[in-house]
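This briefing covers a residue and its contacts, the chain as a whole, and the surroundings of a ligand. Please read it alongside the sequence and the model shown below.

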Amino acid sequence: MATMKDDVLAALAKVASPQGQKLTETGTLSDVVVTDGKVFFSITVDAGAVKEWESVRERAEAATRAVPGVKSVLVALTAERAGGGGGAAPPRRPQMQPGAARPREGGAPSPAGIPGVASIIAVASGKGGVGKSTTAVNLALGLRDLGLKVGILDADIYGPSMPKLLAIREKPQTIGGNRLKPIERHGMPVMSIGFLIEEETPMIWRGPMVMSALTQMLREVEWGTLDVMVVDMPPGTGDAQLTMAQQVPLKGAVIVSTPQDLALIDARRGIAMFRRVNVPVLGIVENMSTFICPHCGTRSDIFGHGGARAEAERLGVPFLGEVPLHMDIREKSDSGQPVVASVPDGPHAQAYRAIAARVRDGLQVAGRPAPKIVIEA
Ligand SMILES: Nc1ncnc2c1ncn2[C@@H]1O[C@H](COP(=O)(O)OP(=O)(O)OP(=O)(O)O)[C@@H](O)[C@H]1O
Ligand SMILES: [Mg+2]
């Protein structure tokens, strides 16, 4: 039975390029993402050809809208940056055009890996504000403490956090004309989508821009040799997240949830999304688990306790551990000194390192090539 995506592709085959070719055979088309009747894809062309392609974009959108069952369509026309540097000084900030995606040949189902990077893992949640970014940065530091070479990629298009969490005020420099040198923090290379997308970029463009920004961050950055790259994902399970999960060659996903039911419902959606794109779920972290009063040490379970562990069991995914709701974690995060780096001997750092060890173990058993593990003596 033909899927909606097949129907959309068949409709797009009837749209002609300015040269009279079938749009589907021009190599300009990104993967077509279909979620609940919403269709999203992009057309990437040379910067000089954008004008003549605008009518193709419009016809592609109209043809897609006419496919039965399609509720909404978003087609982005992306101008590919002109290659080479031509001797001119490279821009400090890469010039991004509103639009998306370099085409993946034939809409291949799994994107190619990054040379030198053994494993890429996503830290995600269905719900916003549950502590993904805090977990991502401390998990990365925990993995680093286990002796792994770790990098951090902040892919949160709606609110990049790494500049704040790691007190990064500088912008990455370009090297060799068109490659970027990541910022180095705590021995880890760090890149943030915040470096590539201007703050004023309207939200509506951010979804479509994500693919080209991601491609750039994955392929045009000197990451060096990494055992694990930790990706801080934007909240939610919408089109942008799904696209991202498909575009980044992920080895696994870590789902962060607070213990209460509402967050767990969203965590479940997150897990379903990764399963749908065949990314193994490495497990769930229960963040803001127990509240420990900084004055009297009393424990109280503000959001309940143990919900994520029970949910993990129910869904058949590993439970990776609990992180308490603690003032130190918030203060250190917000002042750019994540707790694993600033209080490495404290209980929070220990909790994150235990989670990191389970993540590392999970990567080894995910049935895919394991990262090179180097444990310090
Ligand atoms: N275990 C914790 N204890 C105390 N504060 C925490 C904890 N985890 C996160 N926070 C704080 O909660 C706030 C939200 O955390 P964070 O930004 O990591 O969430 P997020 O899920 O990445 O949010 P978003 O969905 O906006 O990206 C931050 O101020 C952070 O310092
Ligand atoms: Mg975040």
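Beyond its neighbours within four places in sequence, T258 is in contact with V130, A263, L264, N287, M288 and F303, contact meaning heavy atoms within 4.5 Å. This is a predicted model, in which local features need pLDDT of at least 70, side-chain atom pairs count only at pLDDT 80 or more, and totals for chains, interfaces and linings use all residues. Residues are numbered from 1 along each chain as its sequence is written, chains are lettered from A and ligands numbered from 1 in the order in which they are written, and side-chain values use heavy atoms, with hydrogens and water left out.

**Setting of T258**
- T258 is placed in the loop between strand 11 (252-257) and helix 7 (261-276); helices (H or I, at least four residues) and strands (E, at least two) are DSSP runs, numbered from the N terminus.
- With a relative accessible area of 3%, T258 is buried, a term that denotes under 20% relative accessible area (1.4 Å probe, protein chains only).

**The chain**
- The chain contains 11 helices and 14 strands.
- Of its 377 residues, 52% are buried.
- Among contacts between residues at least 6 apart in sequence, 74% join residues at least 24 apart.
- The accessible surface of the chain is about 16300 Å², and 53% of it belongs to carbon and sulfur atoms; such areas come from the Shrake-Rupley method with a 1.4 Å probe, and for residues only the protein chains shown count as cover.

**Strands 12 and 14**
- Strand 12 and strand 14 run parallel and are joined by 5 bridges.
- F291 has L325, in strand 14, as its bridge partner.
- Strand 14 has 5 of its 7 residues buried, so it is largely enclosed by the rest of the structure.

**Ligand 1**
- Ligand 1 is surrounded by 19 residues, each with a heavy atom within 4 Å of it; the closest are G129, K132, S133, T134 and P324.
- An oxygen atom of ligand 1 lies 2.8 Å from a side-chain N or O atom of S133, and an oxygen atom of the ligand is 2.5 Å from a side-chain N or O atom of T134.
- A nitrogen atom of ligand 1 is 2.8 Å from a backbone N or O atom of P324.
- Ligand 1 taken alone exposes 630 Å², of which the protein buries 80%.
- Helix 3 (132-145), strand 12 (281-292), strand 14 (319-325) and helix 9 (327-334) are the elements that give two or more residues to the shell.
- Helix 9 provides the largest share of that shell, 4 residues.

Note on methods. Polar contact = N/O pair within 3.5 Å; in protein donor to acceptor, adjacent residues only side chain to side chain. Buried < 20%, exposed > 50% of the residue type's maximum accessible area, 1.4 Å probe, protein only. Pairing = 2+ DSSP bridges.
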